[in-house]
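Please examine the sequence and the model shown below.

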Amino acid sequence: MRALILGYAALVALAHLWLGGASAIELLVRTLGMGNALRGVIGVPDPLEMRGFHLASLLPLVFLLYPARPGASPAHRPSALDWLLAVACTLPSLYILVHAQDINARMEFIDPLTDLQFWLGLVALVLLLEAIRRAVAPVLAIIVLIALVYMHVGQYMGGIFNTRPFDLHSIVETAYIVPIVGGIFGPLTGIVASTIAMFILFGAFIQGSGTGRLFSTFGAAVAGRYAGGPAKVAVITSGLFGTMSGSTVSNVVTTGAITIPMMKRLGYRPAVAGGVEAAASTGGALMPPVMGAAAFVMSEITQIPYGDIIVAAAIGAVLYYFAIFVSVHFEAKRLGLSAMPEEEIPSWREVAADLHLVIPIGVLVWLLMERWSGNFAAFCAVIASVVAAALKARTRMNLRAVLDSLSSAACTMALLAAAVAGAGVITSALTVTGLVVAFGGIVKGLAGGSLALLCVLLMITALVLGMGVPTTPAYIITAALGSPILREYGVDLLPAHLFMFYFAVLADATPPVAVASYAAAAIAGANPLTTGLHALRFALAGFVVGYAFIYDQGVMLRGSLFTIVEDSLVLAGALTLIGAGFARHLRGKLTMPAAIGAVVVGGIVAFGHMLSTDARLLLVAGTLAVMALAPRLFSPRESLA
């Protein structure tokens, strides 16, 4: 039965590949002069039809693959109720698919909602909540439910939370059949149905072709010979793998299953090993060229070309991994940890054997930099991944590998489809009730005109709303609340969204609800809270970079070459000091006062934007020089013996 369901999933993914790549195929046949011959065979579907097909085909997979109660419901097969819910959840989406033209012509909130539309909308909302609860995150389901309830009870609340009356019909109409406002079939679902689905397919084929093995061997060959080798391998591998997968937990499970036991075997404490992996895996969503699904949502919301976004995010992502790498190095030096065993380090010949698998990534980056659409770039990259894998027998994908990649992509799409549809309901509720405006008034009142305090308040908001919620819906919710306020304070559009994006991502590694840390702790056999605290320590660079998007524009490649280099050096020096302080090691072990001093100076340099950039650079350079050139002044006596 499971094989039959996965076969259906592969067909759904193949249909998304065809429909999502329709524009690319249309362009190709026109270039070849075959447009008239294939007229009517191919074409770009209507956006609302595409969204209807997307949810009608994918949501059933949630009910067929995820039991209602793990441990109590049948795990190896869907129950009769699961089949019933799988069929029922297709009906509201099929109605949208069939009646897309009528819905497009409908006058929202003026044309009355028919009885059929009302009941289908009610079914859609109830089953969406259940799908999110089962497969995505119960926390997100609760937030969606709170948003729906608020639409009804807001009329009875006082002050800024008071809203105009919404009866049950109005709530269903807003969430189900008014795609312009948002809701289940709004623009966010459209982004997933087209662009993001294509990138999920690309990631699945990249993994299916063995590129994950290339990342692992490359990381081990580069860093395995140095102190604390396994941790450094985890940093490199997780960064490379994460930029393709975009899923923090998937990244932890995939790479952590190898790197965490290796770190423990060579002397890292379980919680530290898990923390390194969680922080490194969290950063995968920050690393170009893919950056996970949320970055494509950002491009659609801001109307900024995706190529511009990945360019602006590149230095920040490098600084994030530089900081983890430095922290891991100092930790290994302090503990006296060794490198990987020589027999476990792959040769460069072994790395080169899979080097042809980077061709699809090169195709993707080149097309994005040339400002081709995300659909076109991802479609071409999917085709290139199959072709590149076929160049050598060891990576050639047979029919089983292709089907596995397709079914894996469909399962990932199903989870994201449910999550983003839920986020669409939340954003529609925030919009029609005016809560976005009310929230803005509250935050601006608390900030009192201070941009720095405003950033702190929005950071806390993003971290709290992102706890236990996948990155994409977390970013959608927090960006809807925070980005307009930052814009009012004079922050440019892209820095405002990158700021909210970073903290939505970092919520995965921030206790007490840190899903990446929970996954890493399970592999490491460590306490989740302790693992989360170590993950937060290694991921502190994300907090520094998040604020740098607001204050240090050079990290976004804005300004002169001197500005870019100076801003980057300031932050790199600050992160080095902070990493050395927490690890209590620079050139040698540090005394506690010296370690605290390093963290304090690093924090001042990183966040002391009231100082000039020149002053911050002199402060960090002078501190590092003194600590490096006179290590005996800052080392404990026993280390000098």
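In this predicted model, phenylalanine 296 has a relative accessible area of 5%. Because this value is under the 20% limit, phenylalanine 296 counts as buried. The residue belongs to helix 15, which covers residues 292-302. Beyond its neighbours within four places in sequence, phenylalanine 296 is in contact with Ile191, Thr195, Ile196, Phe199, Val290 and Tyr306.

The next topic is the nonpolar interior. In soluble globular proteins, nonpolar side chains tend to be buried together. Here the largest nonpolar core comprises 215 residues, and Leu201, Phe499 and Phe501 have the most contacts inside it. Helix 20, spanning residues 399-433, gives the most to this core, contributing 18 residues. Another core, of 7 residues, lies apart from it and includes Val233, Ile236, Met262 and Ile345.

When residues up to four places away in sequence are not counted, phenylalanine 499 touches Cys455, Leu458, Met459, Leu486, Gly546, Tyr547, Phe549 and Ile550.

Histidine 609 sits in the loop that lies between helix 29 (592-607) and helix 30 (613-629). A polar atom of the histidine 609 side chain lies 3.2 Å from the backbone oxygen of alanine 606.

Methods: Residues are numbered from 1 along each chain as its sequence is written. This is a predicted model: local features need pLDDT of at least 70, side-chain atom pairs count only at pLDDT 80 or more; totals for chains, interfaces and linings use all residues. Side-chain values use heavy atoms; hydrogens and water are left out. A nonpolar core is a set of buried Ala, Val, Leu, Ile, Met, Phe, Trp, Tyr and Cys residues joined through side-chain atoms within 4.5 Å. Buried means under 20% relative accessible area, exposed over 50%, partly exposed in between (1.4 Å probe, protein chains only). Helices (H or I, at least four residues) and strands (E, at least two) are DSSP runs, numbered from the N terminus. Contact means heavy atoms within 4.5 Å. A polar contact is a pair of N or O atoms within 3.5 Å; within protein, one must be able to donate a hydrogen and the other to accept it, and residues adjacent in sequence count only if both atoms are side-chain atoms.
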